[in-house]
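Take a look at the sequence and the structure below.

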Amino acid sequence: MTTRQQAVTLDDKDPLASFREQFLLPEGVIYLDGNSLGPLTKAASERLRQVIGEEWGQGLIQSWNAAGWHVMPQTLGNKIAKLIGAQPGEVVCADGTSVNLFKLLSAALQLRPGRRVIVSDDGNFPTDLYVAQGLTKMLGGDHEFRLVGADDIPAALDETVAVLMMTEVDYRSGRLHDMVGLTKKAHDAGALVLWDLCHSAGALPVDLNGARADLAVGCGYKYLNGGPGAPAFLFVAERHQNAIYPAIAGWHGHAEPFAFEPGYRPADGIDRMLCSTIPVLSIAALDAAIDVMLAADINHIRDKSIGLFELFAGLVETRCADFGFQLVSPRAAARRGSQVSFAHQDGYAIMQALIERGVIGDFRAPNLLRFGFAPLYLRYQDIWDAVDVLHDIMATEAWRQEKYAIRKAVT
Ligand SMILES: *Cc1c(COP(=O)(O)O)cnc(C)c1O
């Protein structure tokens with residue numbers, strides 16, 4: 001069993017140790033929920049102050065040009081591209097993940113005319129499933145949304161399938177799907193693949209072009225630390241871009257938005273996937289946070305994420321063996337993302353008790369305790385301390401207090 005001193009020694013040798021001071025973490029909190037809402041960076045806080053005070057406050061509408069607001073979807077997209085194995089000009093940052101899913105699923109159906117099936121795994125995130133359901137319903141009943149177990153995906157790919165939609169890291173278990181293998185299987189069947197990177201981007205190395213992926217989306221407010229409701233991103237492989245006529249054909253995706261023509265003409269390349277005016281404040285915060293992340297080596301992030309998982313899982317298995325926690329995440333590092341999930345019948349109350357003691361994870365119905373590992377600001381000693389609190393809550397049965405059973409709106 002790892003001692004606290006050994007955990008501190010791991011921190012002393014950590015190549016990412018200096019990043020922690022770039023985050024504004026509240027005193028007394030061990031934050032294991034960066035996979036739901038990343039914390040505030042000093043850089044984002046300062047950038048927001050500057051954008052509000054100077055660019056908006058003083059520059060007013062001139063800042064669209066003078067401060068480069070109009071190209072932020074592309075400039076930030078090109079930064080995110082570095083984290084996900086894409087080329088410049090293949091990623092833009094705009095809208096939310098759900099909206100981007102709609103844009104790309106509808107594009108995929110266009111790119112595979114004659115094919116009417118969307119395939120996904122039944123463990124995928126609900127909004128991904130809902131968007132696919134809404135789209136197939138809107139198309140009048142000729143399309144099918146085929147939902148199968150994750151292990152049955154290869155068998156579900158046939159000549160009727162237009163697109164396979166997969167979330168690379170399962171939000172419940174943390175299971176990491178095989179991007180290279182599944183993309184190849186889909187291509188062998190003549191289908192495209194849309195990867196959802198919400199739990200991958202910034203958490204582990206992603207190589208979209210290495211896998212020959214077609215389309216991808218991802219979230220700005222989880223591991224990328226962009227702030228609550230930060231815009232999402234979308235990726236379209238260069239080879240597909242000019243064949244897409246956007247289903248949401250907005251003015252920012254027009255070839256000449258400021259010509260104010262009555263007819264839509266798509267912009268060249270990835271720009272046609274834009275539609276609405278961007279939320280400048282949110283995108284500025286995300287931009288500042290991404291700069292912090294780009295200063296780190298993503299391989300160091302992955303190595304430390306694995307180390308934090310091993311420490312957490314190992315300590316729970318040894319110190320909390322008698323308390324009924326069941327590891328739901330794959331044990332093998334190569335098969336999981338940057339979180340650990342445990343099933344426990346009293347998971348909700350236990351999580352509330354942890355949160356009150358400053359150890360913040362989250363709960364996913366019906367019985368999952370989820371802890372995310374963000375290596376830029378978490379230390380090995382934090383993991384040790386978090387399990388120590390968990391052990392105390394279980395050993396003293398503190399979680400049984402009635403107040404912990406009251407359900408909140410957001411879990
Ligand atoms: C968090 C998450 C989303 C969020 O979608 P929004 O439209 O940004 O609210 C979508 N898909 C997955 C897999 C997620 O983890």
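Which ligand atom lies by an N or O atom in the side chain of Asp 196, and at what distance? A nitrogen atom of the ligand does, at 3.1 Å. The model is predicted.

Ser 98 places a polar side-chain atom 2.6 Å from an oxygen atom of the ligand.

How much of the ligand does the protein bury? Alone, the ligand exposes 390 Å². The protein buries 85% of that area.

## The shell and the pocket

The ligand sits in the largest pocket. Around the ligand are Thr 97, Ser 98, Phe 125, Thr 127, Asp 128, Thr 167, Asp 196, Cys 198, His 199, Tyr 221 and Lys 222. By class, the shell holds three nonpolar, five polar and three charged residues.

Which helices each supply at least two residues of this shell? They are helix H5, spanning 97–111, and helix H6, spanning 126–138.

## Confidence of the model

The chain has a mean pLDDT of 97. A pLDDT of 70 or more is reached by 100% of its residues.

Among the elements of the chain, strand E12 (residues 362–364) has the lowest mean pLDDT, 95. Strand E7 (residues 215–218) has the highest, 99.

Technical notes
Residues are numbered from 1 along each chain as its sequence is written. This is a predicted model: local features need pLDDT of at least 70, side-chain atom pairs count only at pLDDT 80 or more; totals for chains, interfaces and linings use all residues. Side-chain values use heavy atoms; hydrogens and water are left out. A residue is near a molecule or strand if one of its heavy atoms lies within 4 Å of it. A polar contact is a pair of N or O atoms within 3.5 Å; within protein, one must be able to donate a hydrogen and the other to accept it, and residues adjacent in sequence count only if both atoms are side-chain atoms. Accessible areas come from the Shrake-Rupley method with a 1.4 Å probe; for residues, only the protein chains shown count as cover. On a 1 Å grid over the protein atoms alone, a cavity is a set of points where a 1.4 Å probe fits but cannot get out, and a pocket is an open set with protein on both sides within 12 Å along at least five of seven lines; lining residues have an atom within 4 Å of a point. A molecule sits in a cavity or pocket if more than half of its atoms lie within 2 Å of its grid points. Helices (H or I, at least four residues) and strands (E, at least two) are DSSP runs, numbered from the N terminus. Ala, Val, Leu, Ile, Met, Phe, Trp, Tyr, Cys and Pro count as nonpolar, Asp, Glu, Lys and Arg as charged, and the others, Gly among them, as polar. pLDDT is the predictor's confidence in each residue, from 0 to 100.
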